[in-house]
Amino acid sequence: MNAYDIIKRPVLTEKSYSGIPQKTYTFEVAKDANKIQIKRAVEEIFNVKVEKVTTTVVKGKLKRQGRYEGYTADRKKATVSLTADSKSIEFFDSLS
């Protein structure tokens, strides 16, 4: 699996913004990716050193459109912590 197939997009929420000063970043990742693959993908794409990866599967929410209802797709989030001597990710620097 390609590194760009594993990391789908950054998760930009208030809670994820609070982790930026501690070099903790949140990404939406492929559901079948494991922690080792996520670590390698972040290191390859952003040229940083990853210390720890935690993952969470977010269940889809119930949505209604009139009398029809269904669920949004499940997704997987990964919270990546960088080592203290690693440089920060430039994309997130302008957000903090």
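Trainee: Which residues make the nonpolar surface patch of about 340 Å²?
Mentor: This is a predicted model with residues numbered from 1 along each chain as its sequence is written; local features need pLDDT of at least 70, side-chain atom pairs count only at pLDDT 80 or more, and totals for chains, interfaces and linings use all residues. Side-chain values use heavy atoms, with hydrogens and water left out. Patch members have over 30% relative accessible area (Shrake-Rupley, 1.4 Å probe, only the protein chains shown count as cover) and no salt bridge, with nonpolar side chains (Val, Leu, Ile, Met, Phe, Trp, Tyr) joined within 5 Å. Here the patch of about 340 Å² consists of Leu12, Tyr17, Phe91 and Leu95.

Trainee: In which helix is Phe91 found?
Mentor: Phe91 has a relative accessible area of 44%, so it counts as partly exposed (buried is under 20%, exposed over 50%, partly exposed in between). Helices (H or I, at least four residues) and strands (E, at least two) are DSSP runs, numbered from the N terminus. The helix that holds Phe91 spans residues 90-93 and is α4.

Trainee: How many salt bridges does a search of the whole structure find?
Mentor: A salt bridge is a side-chain nitrogen of Lys or Arg within 4 Å of a carboxyl oxygen of Asp or Glu. Among them is the pair of Glu90 and Lys87, whose closest N and O atoms are 2.9 Å apart. Glu90 is partly exposed at 49%, and Lys87 is partly exposed at 38%. For the whole structure, the number of salt bridges is three.

Trainee: How far apart are the closest N and O atoms of Arg9 and Glu28?
Mentor: These two residues form a salt bridge, with the closest N and O atoms 2.9 Å apart. The pair links distant parts of the chain, 19 residues apart, with Arg9 in strand β1 (residues 7-10) and Glu28 in strand β2. Arg9 is partly exposed at 42% relative accessibility, whereas Glu28 is buried at 12%. The atom distance asked for is 2.9 Å.

Trainee: Which residue forms a salt bridge with Lys49?
Mentor: The closest N and O atoms of this salt bridge, between Lys49 and Asp85, are 3.8 Å apart. Lys49 lies in the loop between α3 (35-46) and β3 (50-58), and its partner, 36 residues apart, lies in the loop between β6 and α4. Lys49 is partly exposed at 49%, while Asp85 is exposed at 59%. The partner of Lys49 is Asp85.

Definitions and conventions:
Patches are made of residues with over 30% relative accessible area and no salt bridge: like charges are joined within 9 Å, nonpolar side chains (Val, Leu, Ile, Met, Phe, Trp, Tyr) within 5 Å. Buried means under 20% relative accessible area, exposed over 50%, partly exposed in between (1.4 Å probe, protein chains only).
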